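Here are my notes for you to read alongside the model. Keep the structure open and follow each point on screen.

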Amino acid sequence: MPLISQVRYVQGMNEIVGTLYFVLAHDADTEWAEQAEADTYFLFNSILVEMRDVFVPDLDEADTGIHGRISNMINLLSLHDPEVRCHLDGVGIDPSFYSVRWLTTLLSREFLLPDTIRLWDSMFSSTHKDNFLRYVGVTMVMVIRDQLLEGDFSACLRLLQAYPPCNLDRLLESSRALWIYESQITLACHKGGISLGHALRSITPPPSIVMAYGLHGGVAPQIGEQVREAGKSFFGNAMNFWRSGSSQQTEEKRGGDLRRSKTAL
């Protein structure tokens with residue numbers, strides 16, 4: 001009998017239950033450990049109360065449904081690392097190929113058990129678990145961005161469905177730093193009335209950020225550097241235009257000379 005109306009078993013729920021039971025059954029207090037089964041049932045029910053919409057097919061397209069949550073995560077990836085997003089689209093990686101499992105199992109299948117417990121410790125202490133998973137998921141993609149950008153469909157899918165070992169504490173720190181930095185930038189733009197470019201140049205990003213707003217480490221180039229790059233681009237295009245024009249004029253001159261030579265003959 002389902003714990004919550006409209007929710008049936010979905011593959012991956014066992015991963016959540018197994019992790020909960022392991023932690024509770026290994027409690028240092030043996031009296032509490034003996035109640036692990038009942039406590040697991042209670043905690044799993046509490047989690048399903050918050051995650052219910054993910055497992056209800058009729059709500060798939062809602063913001064709180066599985067497709068809505070995937071869309072929110074991919075939109076965040078597009079904002080902060082559009083290069084990787086475009087590459088994954090280009091090689092044919094649909095976000096559902098990896099993110100369904102990430103979201104429905106609370107990332108319990110992506111890490112070793114001790115790391116999963118560490119991850120959940122942070123997640124359950126978060127006031128917004130959906131937001132937590134969204135930023136962690138995006139950061140996971142950006143941490144392996146170099147490997148993804150070099151890979152084809154098969155290589156990228158393997159990386160995303162069998163996530164490589166990583167330093168979880170650094171991953172969590174990078175994820176939190178991205179959320180803080182984005183909040184600061186958004187506040188500066190909306191409340192301070194400044195442009196995104198101005199905000200990015202004014203606010204120093206935390207050092208643990210991988211990518212932010214399409215910038216490595218979230219570091220925006222200063223005005224002088226942008227002007228130099230724009231100047232190089234402008235003069236480079238101007239030289240190419242001049243060279244192509246000169247070549248065309250030379251060809252026209254040669255054609256004219258040839259015609260005059262034939263006329264003289």
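1. Start with Met123, which contacts Leu106, Lys129, Phe132 and Leu133 once you set aside its neighbours within four places in sequence. Contact here means heavy atoms within 4.5 Å. Met123 sits in helix α7, residues 113-125. Helices are DSSP runs of H or I with at least four residues, strands are E runs of at least two, and both are numbered from the N terminus. Met123 counts as buried because its relative accessibility is 1%. Buried means under 20% relative accessible area, exposed means over 50%, and partly exposed is in between, using a 1.4 Å probe and protein chains only. Met123 and Leu133 are 10 residues apart along the chain, and their C-alpha atoms are separated by 7.6 Å.

2. A word on where this comes from. The model is predicted, so local features need pLDDT of at least 70 and side-chain atom pairs count only at pLDDT 80 or more, while totals for chains, interfaces and linings use all residues. Residues are numbered from 1 along each chain as its sequence is written, and side-chain values use heavy atoms, with hydrogens and water left out.

3. Now the overall picture. The chain has 13 helices and 2 strands. Of its 265 residues, 37% are buried. Take the contacts between residues at least 6 apart in sequence: 64% of them join residues at least 24 apart.

4. How do α6 and α8 cross? The axes of α6 (residues 96-104) and α8 (residues 129-143) come within 11 Å and cross at roughly 140 degrees. Axes are lines fitted to C-alpha atoms, for helices over the stretch in contact, and angles run from 0 to 180 degrees between N-to-C directions. The two helices, α6 and α8, are therefore oblique to each other: under 35 degrees would be roughly parallel, over 145 roughly antiparallel, 65 to 115 roughly perpendicular, and the rest is oblique. On the α6 side, Tyr98, Trp102 and Leu103 meet Leu133, Gly137, Met140 and Val141 of α8. By class, this contact of α6 with α8 has 6 nonpolar, 1 polar and no charged residues. Ala, Val, Leu, Ile, Met, Phe, Trp, Tyr, Cys and Pro count as nonpolar, Asp, Glu, Lys and Arg as charged, and the others, Gly among them, as polar.

5. Next, the core. The largest nonpolar core has 62 residues, and those with the most contacts inside it include Tyr98, Trp102, Val141 and Leu160. The largest share of this core, 9 residues, comes from α11. A nonpolar core is a set of buried Ala, Val, Leu, Ile, Met, Phe, Trp, Tyr and Cys residues joined through side-chain atoms within 4.5 Å. Leaving aside neighbours within four places in sequence, Leu160 is in contact with Leu88, Ile93, Tyr98, Trp102, Glu110, Val141, Ile144 and Leu148.

6. Is Ser175 buried or exposed? Ser175 is buried, at 5% relative accessible area. Not counting residues up to four places away in sequence, Ser175 touches Tyr135, Val136 and Thr139. Cys189 is also found in α11, and at 19% relative accessibility Cys189 counts as buried.

7. Finally, a loop. Asp53 is in the loop between α3 (36-51) and α4 (66-80). Asp53 is buried, with a relative accessible area of 16%. Asp53 touches Leu59, Thr64, Gly65 and Ile66, not counting residues up to four places away in sequence.
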